[in-house]
Amino acid sequence: MSRRPLIAGNWKMNLDRAGAVALAQTIAARASEFTSRAELAVFPPFVYLDAVRSTLGAAPVGLGAQNVYFEKNGAFTGEISTAMLLDLGCQYVLLGHSERRHVLGE
């Protein structure tokens with residue numbers, strides 16, 4: 001059984017809200033050109049997840065978060081739980097970032 005390729009874009013800490021929405025519009029408009037050959041996903045910054053999800057609409061583009069915290073809830077300032085991400089429609093999460101290890105010492 002062969003795996004279907006995943007084409008994903010991690011936007012890191014780039015773009016403002018208008019730029020994120022504009023990029024999501026462009027990706028959504030062209031997604032059907034690629035979905036027969038690969039699965040598509042985007043990983044915008046946390047603060048733009050909801051706007052990007054709304055912009056993607058029914059386009060065949062998955063939504064992912066750039067990080068997640070392992071606790072379900074609690075007093076973890078600045079962290080994001082899996083329940084929160086699911087509530088926003090996220091299907092993916094990126095983990096193990098090199099810059100989080102090298103720059104932040106995680």
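User: Which residues of α1 and α2 meet?
Analyst: In α1, R17, A20, V21, A24, Q25 and A28 meet A51, V52, T55 and L56 of α2, contact being heavy atoms within 4.5 Å. This is a predicted model, where local features need pLDDT of at least 70, side-chain atom pairs count only at pLDDT 80 or more, and totals for chains, interfaces and linings use all residues. Residues are numbered from 1 along each chain as its sequence is written, and side-chain values use heavy atoms, with hydrogens and water left out.

User: At what angle do the axes of α1 and α2 cross?
Analyst: Roughly 30°, with the axes coming within 9 Å. Axes are lines fitted to C-alpha atoms, for helices over the stretch in contact, and angles run from 0 to 180 degrees between N-to-C directions. The two helices are therefore roughly parallel to each other, a label for angles under 35 degrees.

User: OK, the sheet. What's the strand order?
Analyst: The order is β1-β2-β3-β4, an open sheet of 4 strands with parallel pairing. Strands pair if DSSP finds at least two bridges between them; helices (H or I, at least four residues) and strands (E, at least two) are DSSP runs, numbered from the N terminus.

User: Which strands stand at the edges?
Analyst: β1 and β4 (92–93), each with a single partner strand, so one side of each is left without a neighbour in the sheet.

User: How many bridges join β1 to β2?
Analyst: 5, between residues 6–10 and residues 39–43. G9 stands opposite V42 there.

User: Which elements come in the whole chain, from the N terminus on?
Analyst: They run β-α-β-α-β-α-β-α, giving 4 helices and 4 strands.

Technical notes. Angles under 35 degrees count as roughly parallel, over 145 as roughly antiparallel, 65 to 115 as roughly perpendicular and the rest as oblique.
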